[in-house]
Each structure stands twice: as structure tokens, then as C-alpha cells.
There are 2 protein chains.
Amino acid sequence: MKNFVLYNPTKLIFGAGQIAALAREIPQGAKVLMTYGGGSIKANGVYEQVKKALEGHTVLEFGGIEPNPCYETLMNAVALARSEKVDFLLAVGGGSTLDGTKFISAAIGFEGDPWEILTGARPKTAVPLASVMTLPATGSEMNSGAVISRKSTLEKFAFSTPLVFPRFSVVDPEVTYSLPPRQIANGVVDAFVHVLEQYLTYPADAPIQDRFAEGILQTLLEVGPRTLADPKDYNARSNMVFSATMALNGLIGVGVPQDWMTHMIGHELTILHGLDHAQTLAIVLPNLLWVQRESKREKLLQYGERIWGIREGSEAQRIEQAIIKTRAFFESMGNPTHLSDYSLGDDCFDEIVRRFKGRNMLPCGEKRDLDEAKLRQILAMCR
Amino acid sequence: MKNFVLYNPTKLIFGAGQIAALAREIPQGAKVLMTYGGGSIKANGVYEQVKKALEGHTVLEFGGIEPNPCYETLMNAVALARSEKVDFLLAVGGGSTLDGTKFISAAIGFEGDPWEILTGARPKTAVPLASVMTLPATGSEMNSGAVISRKSTLEKFAFSTPLVFPRFSVVDPEVTYSLPPRQIANGVVDAFVHVLEQYLTYPADAPIQDRFAEGILQTLLEVGPRTLADPKDYNARSNMVFSATMALNGLIGVGVPQDWMTHMIGHELTILHGLDHAQTLAIVLPNLLWVQRESKREKLLQYGERIWGIREGSEAQRIEQAIIKTRAFFESMGNPTHLSDYSLGDDCFDEIVRRFKGRNMLPCGEKRDLDEAKLRQILAMCR
């Protein structure tokens, strides 16, 4: 096990009816900017619950944060927060609203062009933020990272700083009942791939981290189909929601190598083609695992045995089966795994390779052995 | 799954050579009281490492915190901290030093008799504390609880408040190499029982918590014997140490019922007989599981299958096997499971029952079905 720091100060307030807890968690006298997305919180009753819990506080609102939140949109919120001297941000929505609000938080006090936060600058301050999470997927409710897009340049970048850990996050599984099946399918796939990015690398003498990762995967396999079939089954939904939080709150990734190249490729497919984030992961991951099957051999065998019960056949056959079953799971959840399923072709492949090279990202992966040839091979298999 | 709050702001700094990290973690200008136990840190080099990392800070020292830290001793530290206006506490040692320091932290600003902190009063302030943990067992390095004894009344009580979460804890597995085998055996048993207190209750539709708990148990079974046999095997030792932290940092207990009656009975055996904490757990737990085998039936079967691979036989046979194997594991680690192994008799049983009744603790357990008759039955089996 490698040396590590495990630090996560977010208070996770989990369960049915917990939005009312907001009232005691928001600092007295705070001037709150409530951020949200396209307005679904007004249709499902969350907006009303939040407003009621915030009674007695000064609350401004900023709606319209889009999926894959845009720098251009967020800078409008930054301007509002600066001019109104907001001192607390409350994101109400899914991962995009939350990621966008993390950027707002860090940008408000940033000297210089806030886009630099996405290209390596370290913000020195951040306005305290919290969340009411309404879409289980990204884990943003309990981590310090965010992914932001820029329309003008078609770029999608991540940043992370402990300053933007939510002070608290309210996660009420019942408010997710009204989400469309596509969002739930995406959430399950997103959480599953978050785990695999931290687990399917190479052995690092970290049995606790391995078993925690496997526990989340097994749970997602069990409850994913159940919660898709019966959205109001609280047991299935609450465990799916908790899985999504635990998949990316830093816990399973301590002391072990991590990959994240499925995400890096997927981000390009989202920004260039407009696919949902999880759709890109379902397309890329099985092919990346195939191309990297030698590099990831030991963990692929462990994954096949412990998650899929694959114990028969040669090593090559067991690895192939593990990848086939992973792809089949994504498809069974309603996430096709080829670009052609979305009527998309290979016209962006050269641009993706150009970007990886331009950013000096190659070779990449946990062993730095994913080079241009392998990247092109993965992309070709995504067709 | 029940509603829950998951909150743990302690920064865990884990790995070989990490004590040097102290230098950047202690607040600038802090007046530090360094607390420790019987002086083993001076023999194993930890004292020197810590003092070096603290160069440039004002550091006072308070040594002599004993195993099962005593109120009487700790109040001397409180007096010192008050008169010297200490504003940061650094516990260097094992769970007893750390627990004692948590009490000191809460007692310094407490108005009234600080013993009330142990009998239900809620402290309103606490002096910030951190730790360098040298003995893997209690999990105190990453939780907000402490257990304190009082010599004058032969009482042992716990308290918990988020105010005493360590700001950070440095955990370097290498500094535990010099611990005697008995301490390591105790640590493995302590961590194992911490998990079982939160796991062996009744099903609560919490598969993530179950699997995390099982992951820690499986890891302890693997690395416990290895680290006892070869104390300097870093992989085994680091995973044993990490298991102990994860066993009682609040994670696996969220949203599920908890028992803790093995601990409650064990505390009495420690204070009345002077047994090590883990020795008492090894004695009590198998008997409590036997007496509560109907109440804990479903989880005992799950435990037997997933941890011990027991799939043959009737339910009663499988449960019996699971308990037998648990007892055998404790004994294989060097922890006898009967009072007679320590030449102790049954003369304290009436006093224990009297105390449980006097504190209105009966019936107890996760279903409130452990009554006086069952308590006497458990004690009788401990002989």
C-alpha cells in the first residue's frame, strides 16, 4: 500500500426527509446563493422543501446551470455572487449543478482569469458551499472535484481542491424517484466506472480498498436493475444512491494506483459529440479494458472472479468473459456501448488524439503505457 | 437502511515516514501540550521523531497516561494545560493516550466537574487535538469517542462528541514494529470485535455497510496471523493498522443497528479484574453470540458463510460453527477466551449485574432483548 492522506470533512446527511435538516446546518446570518439547473427541482417539490428549510435566511437564486456545466454560464453566477457579496452557496441538483457551484465557489475570490483554475492554478480561497443532491451519479456531493466545460473552445477540464468540499450534503433518496430511467441508468454506470477507475489497475497490497471497491460493485449489480425496474423501492434506491456517493468520495482510492483514462477519453466524446457523461464511459471502458488487458491482467482476473464468479477457463478466456459481462451489464441498464448506437462515426478520433498529444498526456494510464497506438485502437473499437 | 449522518473531519496521514508531516500540520504559533504514556515512545524513536518535527513550536509535555486512562491522572494534565494556556494537544501513543487526551481536550474549558463529561454532560468547547498513533487497535485516531476509567470508584465510561475528532492523525505502521506480540494480538481482536459490534445484529438492507465490514474482517483474518509471525512485514502490518482505523471510524456503522454489549461487559471485566480490553472482548464475544444466537440468526448465518465459508449443515450447526471458529481465531492470536485462563473466577458477576441494573441498562443489545437472565448466562459461560 502506498502512503496516503485520507481527508473528507463533508458531513453527509442521508435519508428520507432529511432536507429539513438544512435549517440547522446553514450558518446563521449567511447570505445564501441557491444554485440549480434546468428547473426540475420545481417540478418534483425539492425547490419548495429547500425554500421552506431556508426561511429566515437571505436567499438569492441562480438557475439554469446546464448538464456539463459551462464556464460561460457559471461566470454569470460569479458576477452575481461578487456584486451581492454572497457568503454561502447552496447547490440544489445533480452533479452538474454541484460541480458548477464548486467552480463558482473557487472563482469568486480568484484574482485573474478564473479559467486558470481549470488549467492548473491553485485557488487560495473559496466561498463555503453545501448541497442538496438530487441525482445519484457523480459523487460530487462528497468530494472536492469538479468538471467544467467551455463552449467557446469545446474543452472539458477537471479541477480539485480541498477548499470546495461541501460543508454538508443532504442526500434524500426519495427525491430521486421522479428521475427518468436514463438518468438512473447513467448514474449506475457512472458509479460503476468510478469504482473501476480506482480498482482495475494493478495489485498494490491493499485488500481493504479492493474489498470496499468490490462491495460497491456488487451492490450496484444487485440494486441497479432493481431500482431501474421499481423506482420507488426505497431499499434499492437508497443503496444505489449511497453506492454513487461512496464510489467517488476518495475512500477506495487511497493508497492505490488509479487510471481515469476512460474518463479522459469520455470527456472528449461528451464535449465533441454531446453524449451524456455515463454514455461515453459505457462506450469507452470495455474497449480500454480489452486494449489494456495485459497491463491490467491480475486485477482483471480478480475482478472476474470476485464480481462475476468467473473461475473456469484460461486466464485469457476469464479476462475476456469479465469484459464481455461488464459490457453486457451496461447494455442491460440501457446504455449502448458503441458510437454507432448513437449514429455517431469516427470523425472526432483524430481531434481526440491531437488533444491528448497537445496536452502532453501520452503515454497515460496507471502504468504510463497507454500510447497513441493504443489510444487509436481503443477509439477504433468504440465505433 | 436507516437515516444517518456520516461525518469524519479527521485528516488521516498514513504510511512509513509520515511523522515528519507534523511540521506542516500543527498550527503556526500554537502552544502544544504533547501527551504520552509510559515512555515506550522514548525507546522506539518516536519521541525523537516527534520532537524534531515540532522544532520551532512551543511544546510542553505530559507523560504517564496509563492503559485504561484514569480520570485522576488526566486531571493533572487538565490543570497543567489550564495554567499554561495550552491551545493545541498532540497525543503520541496508543488508544489510551489518545482517549485520555480527548478527555483533557474537552475538560480544559468545561465548567463544573469534568467527570460529568463521562456521565452525560455535553461539553461546549474543546481544545484542538491531533495524534501520532503508535498502537493499532482502538480506532481512536479517527473517531470522536473515548473511554475513561476512574480509580476511586472503579468505573469505566465512554463519551463522544464531534468536538474531539483529531484534527489530523499520523499513522506510521513502521513505528508499531517494536510492539510486543500481546499488543498486536490485542489490536487484531479489538478491531475484529469493533466490526462485529456494528455488523452482527440484524439485516437492515445495508449491503455496502455489510460488505465493508466483511472486507475488514477478511483482511484481519489474513493479515493478523501474518503480522504476528513477522512484525516487520510492511504489507501485513500496514493493512492490519489500516483495518483497525477503518473498524471504528464511523463508516461501517452508518444506517445500521449496533450492539456494543460485548464492550459494555468487557469494560467491567477490565475495571474489576485488570484484564486488557481486548482480552475481555475475546472472552465475552463468543458467549454473547451463543446466548444471542436466535436474535442474531440471519447475520450469524451471513457471517458464517461470507467470512468462514460455512455452507454445510443445518442453520443451528452453521451458527455454532461460526461461533466456534471466531473463538478459535481469538485463541490462535494468543487471546484465551475464558476467565479461568487468567486464573480468575466468577466473584465479580453479581457486581456486574448490579451495575447494569443500577444504570438502567437492562434489557440491552440492538433489539433490547438481552435481559438479566441472558447477562448471567453470558457471564457464566465466561468462566
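The bounds of a domain, as the word is used here, come from an automatic or database domain assignment. In the predicted model described here, that assignment divides chain A into domain 1, which covers residues 11-175, and domain 2, which covers residues 181-382. The centres of domain 1 and domain 2 of chain A, taken over C-alpha atoms, are separated by 27 Å. Where these two domains of chain A meet, domain 1 contributes 19 residues to the contact and domain 2 contributes 23 residues. On the side of domain 1 of chain A that touches domain 2, the elements giving two or more residues are β1, β6 (145-150) and β7 (155-160) of chain A. Sorted by class, that side of domain 1 of chain A holds 11 nonpolar, five polar and three charged residues.

The model also contains a second chain, and the relation between the copies can be stated in geometric terms. In general, two copies of a chain are related by a rotation about an axis and a shift along it. For this pair, chain B can be laid on chain A by a turn of 180° with a shift of 0.0 Å along the axis, and the RMSD is then 0.0 Å; this is the relation of a two-fold axis. Within chain B, the C-alpha nearest the axis belongs to B:Pro9 and lies 2.0 Å from the axis. The same surface serves both copies, since 100% of the contact residues of chain B recur in chain A.

The contact between the chains involves 30 residues of chain B and 30 residues of chain A. On the side of chain B that touches chain A, at least two residues are supplied by each of β1 (4-14), α7 (207-229) and α8 (234-247) of chain B. This side of chain B comprises 16 nonpolar, 10 polar and four charged residues.

Strand pairing also links the two chains. Strand β1 (residues 4-14) of chain A is joined to β1(B) by seven bridges, and the two strands run antiparallel; in β1(B), B:Leu12 is the bridge partner of A:Leu6. Within chain A, by contrast, β1(A) pairs in the parallel sense with strand β8 (residues 168-171) over four bridges, and in β8(A) the bridge partner of A:Leu12 is A:Ser169.

These pairings belong to an open sheet of 12 strands with mixed pairing, whose order is β3(A)-β2(A)-β4(A)-β5(A)-β8(A)-β1(A)-β1(B)-β8(B)-β5(B)-β4(B)-β2(B)-β3(B). At the edges stand β3 (58-62) of chain A and β3 (58-62) of chain B, each with a single partner strand, so one side of each is left without a neighbour in the sheet. From one strand to the next, the twist averages 25°. Helix α5 (residues 95-108) of chain A packs on the sheet, where this helix touches β2 (31-35), β4 (88-93) and β5 (129-133) of chain A and makes an angle of about 165° with the direction of β4(A).

A further packing arrangement is found between two helices of chain B. Helix α6 (residues 181-199) of chain B packs with α8(B) at an angle of about 35°, the axes being 9 Å apart, and their crossing is left-handed. The residues in contact include B:Gly187 and B:His194 of α6(B) as well as B:Met240 and B:Ser243 of α8(B). By class, the contact of α6(B) with α8(B) has six nonpolar, three polar and no charged residues.

Conventions. Residues are numbered from 1 along each chain as its sequence is written. Chains are lettered from A and ligands numbered from 1 in the order in which they are written. This is a predicted model: local features need pLDDT of at least 70, side-chain atom pairs count only at pLDDT 80 or more; totals for chains, interfaces and linings use all residues. Two residues are in contact if their C-beta atoms, placed from the backbone, lie within 7 Å. Ala, Val, Leu, Ile, Met, Phe, Trp, Tyr, Cys and Pro count as nonpolar, Asp, Glu, Lys and Arg as charged, and the others, Gly among them, as polar. Two strands pair if DSSP finds at least two bridges between them. Copies are superposed by least squares on the C-alpha atoms of residues with pLDDT of at least 70 in both. Axes are lines fitted to C-alpha atoms, for helices over the stretch in contact, and angles run from 0 to 180 degrees between N-to-C directions. A crossing is left-handed if the near helix is turned anticlockwise from the far one by less than a right angle, and right-handed if clockwise.
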